[in-house]
Amino acid sequence: GATGETGATGPTFVSDFLNTHTSSDTSAQVGDGYVLDVNYVAPGTYITHTPGAIEITLAASSVYMASYTGNVVVTDSNGTYGLGFKLDDNIVPNSVSSVTGFDTTGANISLSSSVVFTVGTNPGVLVVYNAGGASQTVENIGVSIMKLL
């Protein structure tokens, strides 16, 4: 109702989110972030990203849900390929997706992950990074982030 859980006195829904991606293949060394050059949707002020940058800035004292997907190009059938999120240079728990020993050189491996995490009392910097065992090229990295609380 008007004053119920979703009414005028209920919690406020924050419509802050980001949907960004790469428009072409992008490469990174182990541990480094990938450039995200196109923002589809980026309303609000809690999540900011400049197209062409690696870093996504997140407001302090907030909870976010973030997901990525990307197609890693296989160059070594014995290699390890992976993607993940880093927040302030620390790996976000449960965000890494990887595979080792993929038999078909030249094929693409689709990797993805979704994770909920908290940013502390200072603004945070989130990146999608190369969690593989060597330099790797990724086609079509897509990232979506939503502020939950």
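Me: Hi! Before we look around, what do buried, exposed and partly exposed mean here?
Reply: Buried means under 20% relative accessible area, exposed means over 50%, and partly exposed is in between. Keep in mind that this is a predicted model.

Me: Good. Where does Asp88 fall on that scale?
Reply: Asp88 has a relative accessible area of 38%, so it counts as partly exposed.

Me: And where is Asp88 found?
Reply: Look at the loop between β7 and β8, the latter being residues 90-91. The backbone of Asp88 is worth a glance too: its phi is near 55°, a positive value in a residue other than glycine.

Me: What is the phi of Asn140?
Reply: Asn140 has a positive phi as well, near 55°, and it is not a glycine. Asn140 sits in strand β12, which covers residues 136-147. With 47% relative accessibility, Asn140 is partly exposed.

Me: Switching topic: how many aromatic pairs are there?
Reply: The count comes to two. One of them joins Tyr68 and Phe85 in an edge-to-face arrangement, with 5.1 Å from centre to centre and 80° between the planes.

Me: Which strands do Tyr68 and Phe85 lie in?
Reply: Tyr68 belongs to strand β6 (residues 62-73) and Phe85 to strand β7 (residues 80-87), so this pair ties together parts that are 17 residues apart in sequence.

Me: Are those two, Tyr68 and Phe85, buried or exposed?
Reply: Both Tyr68 and Phe85 are buried.

Me: Tell me about Ser113, then. Which strand is it in, and is it buried or exposed?
Reply: Ser113 is part of strand β10, residues 108-119. Its relative accessible area is 13%, so Ser113 is buried.

Me: What lies 3.4 Å from a polar atom of the Ser113 side chain?
Reply: That would be the backbone oxygen of Asn94.

Me: Last topic, lysines and rings. Which ring does Lys86 lie over?
Reply: Lys86 lies over the face of Tyr129, at 4.8 Å from the ring centre.

Me: And what about Lys147, which ring is under its charged end?
Reply: The ring of Tyr46, whose centre is 4.4 Å from the charged end of Lys147.

Conventions. Residues numbered from 1 in each chain as written. Predicted model: local features only at pLDDT ≥ 70, side-chain atom pairs only at ≥ 80, totals over all residues. Heavy atoms only, no water. Helix = DSSP H or I, 4+ residues; strand = E, 2+ residues; numbered from the N terminus. Buried < 20%, exposed > 50% of the residue type's maximum accessible area, 1.4 Å probe, protein only. Polar contact = N/O pair within 3.5 Å; in protein donor to acceptor, adjacent residues only side chain to side chain. Phe/Tyr/Trp six-rings, centres within 6.5 Å; stacked < 30°, edge-to-face > 60°. Lys NZ or Arg CZ within 6 Å of the ring centre and 35° of its normal.
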